[in-house]
Every structure is written in C-alpha cells, then in structure tokens.
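Subject: Handing over the structure

Hello,

Please keep the view open while you read, and look up each place as it is named.

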Amino acid sequence: MAVSLCSNFAESNEQDSIPPFIADSLKQAFEDGGTPAVKTRITEIMDSWKNEVINIGVTGNSGVGKSSFINAVLGHSHEDVGAADVDEIETTKKVTAYPHPNNEKLIFWDLPGVGTPNFLQDTYLEKIDVDKFDYFIILSAERFTENDLWLAENMKQKQKRFYFVRSKIDVSIANNKRRCKKHNEIDVMNKIRADCTKNLENVMGSGEQIPLFLVDNYDTNKYDFSLLSRRLIVDAPQMKREALILSFNFLNKSF
C-alpha cells in the first residue's frame, strides 16, 4: 500500500493540487524506512502546517460579495456560527478575521470596501495594515471600477501577489438571459473575462499572465472557484503550500 501511495504522489500533477515536493518527501521516506517512515513523515507534515500562519486579505468595493465569498471558501452558510455577516447593505465596518475551520492559522480577512467614508483611498492601505497579508483577493462585480484599478496598481507596487475575482457571475448571466433572445452563457463569460483582462493589462502589462477568476459565491462547483483554490496553493511558498493543501482537504483523496 505504501508503494502505491508513493507512486500516486509521484504521478500527481498540478491539476490534482499535490505538488512534487510532497511526493518526493514521501518517496524518500519509503526508501529510507518503508511504511513506518512514510506514516511518520505524513504525521510530520500534518503537524508542521499547523504552525504556518497564512493571511489572505479579501478586498474590493463595497457590496461586491466579499463576505459571501469568504463564507463560500470556508464552507459556511451565512447563518452558521463563525460565518461572515452578509446583507444587502455594507456590513463590513472593520477588518475582520475568519480562520479556516480546518486550520485556525489559515485566515481570510474581510476588509471594508475601499472608497467608503471611513476607508478612503488615501488612508486605505495604512488602515488595513497592508504589509501583514501574504496574498490579496480583489473582488469586483458588475463593472470594472476605478477602485478596482487602484487596488491592482497598489498591490503590484507593493509587490503583493493578488488575484482578481469577478463575483456574481450568476447574476450577470441571468440578466443577460432576460435581456437577450440569443442568450449564450459562454459568450457572456468570455465578454466579462475579456473586459477584466483588458483593464488589468493596464497594470500587469499585455505580456503578463492575468490572475483572473470568475465565480459564483453560492455555487463553488461552477466557473473558476476550484481553479482559484488550486492557484492559491501553487503560488504559495513551500511550507505555506502544505498548509493550504491540507486545509482545503486536497490530500484526503490520496490517503
């Protein structure tokens, strides 16, 4: 069984969200000490990730779905204990931490909307303490705005990795279906993706890869939600990558 396990790890790829350094580690453990060594190494991995704090800031305009996005990532409904408040009006008045239920040190931070009265652009980065975050997720909805561009520009200037997430894709598709007799869901998504890409190229440059994902906060099985989860893992430094993998339960199917 241990041989099969190590083989499965060795043959895994990025699409399976199991990186080679874990496969190599388990393979080496098996070669050194057989099945007991593999079990020991797995235990060591499970223990080590618990000490790695990962701070992910979720930002954007007010009302774009930041809180519902965090609930989707954490597997919460808005009525669950520990869920982020969700309402039709802006509910995020302060920087609020939401630890992942599988790992209390993987923390998603619900940040107040940029440009709101208490969080104007001039003082926004200072008020949210921008330097403490490992990543940022910039959420946008409906239209690409000046605040979206400002956030992307400032994250790049500060050399902070960010992912641009266009939320409420389901709403955009439903609106198009009501408006257009010749509705095509793929065409709507391609149009949205092209518009976001065009605007982000002003920041990233036309030759760079654009970290863009289209999501529905209420259905994580659709669109780009799983791609975003895998991208967060792939881009992480090695130790923090282990933490993300185990928190998102991507290893369970291999055990």
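Let me begin with a pair of helices: α6 and α7 cross in a right-handed way, a crossing being left-handed if the near helix is turned anticlockwise from the far one by less than a right angle, and right-handed if clockwise. Before going further, please note that this is a predicted model, in which local features need pLDDT of at least 70 and side-chain atom pairs count only at pLDDT 80 or more, while totals for chains, interfaces and linings use all residues. Residues are numbered from 1 along each chain as its sequence is written, and side-chain values use heavy atoms, with hydrogens and water left out.

The chain as a whole

The secondary structure comes to nine helices and six strands; both are DSSP runs numbered from the N terminus, helices being H or I with at least four residues and strands E with at least two. Of the 255 residues, 48% count as buried, where buried means under 20% relative accessible area, exposed over 50%, and partly exposed in between, with a 1.4 Å probe and protein chains only.

The sheet

The six strands form an open sheet in the order β2-β3-β1-β4-β5-β6, with mixed pairing (two strands pair if DSSP finds at least two bridges between them). Because β2 (96-100) and β6 (212-214) stand at the edges with a single partner strand each, one side of each is left without a neighbour in the sheet. Neighbouring strands here are turned by 25° against each other on average, with direction ignored.

On to β5: six bridges join β4 to β5, and the two run parallel, with Phe-136 standing opposite Phe-162.

How much of β4 is covered? Six of its six residues are buried, and this holds for both faces, with Tyr-135, Ile-137 and Leu-139 on one side and Phe-136, Ile-138 and Ser-140 on the other.

The helices

Helix α5 (residues 146-157) lies across β1, β4 and β5 (161-166), running at about 165° to β4; such angles run from 0 to 180 degrees between N-to-C directions, and axes are lines fitted to C-alpha atoms, for helices over the stretch in contact. The axes of α5 and α7 come within 9 Å and cross at roughly 35°, and this crossing is right-handed. Here Leu-149, Ala-152, Glu-153 and Lys-156 in α5 meet Asn-199, Leu-200, Asn-202, Val-203 and Met-204 in α7, where a contact means heavy atoms within 4.5 Å.

Ile-169, Ser-172, Ile-173 and Asn-176 in α6 meet Glu-185, Val-188, Met-189 and Ile-192 in α7.

Helix α3 (residues 66-74) has nine of its nine residues buried, so it is largely enclosed by the rest of the structure. Just after α3, Gly-75 takes a positive phi of about 80°.

Is Asn-217 buried or exposed? Asn-217 sits in the loop between β6 and α8 (225-235), and it counts as buried because its relative accessibility is 8%. Its side chain makes a polar contact of 2.9 Å with that of Ser-68 (a pair of N or O atoms within 3.5 Å; within protein, one must be able to donate a hydrogen and the other to accept it, and residues adjacent in sequence count only if both atoms are side-chain atoms). A polar atom of the Asn-217 side chain also lies 3.1 Å from the backbone oxygen of Gly-65.

Arg-178, by contrast, lies in helix α6 (residues 169-179) and counts as exposed because its relative accessibility is 65%. The side chain of Arg-178 makes a polar contact with the side chain of Asn-175, at 2.3 Å.

Best wishes
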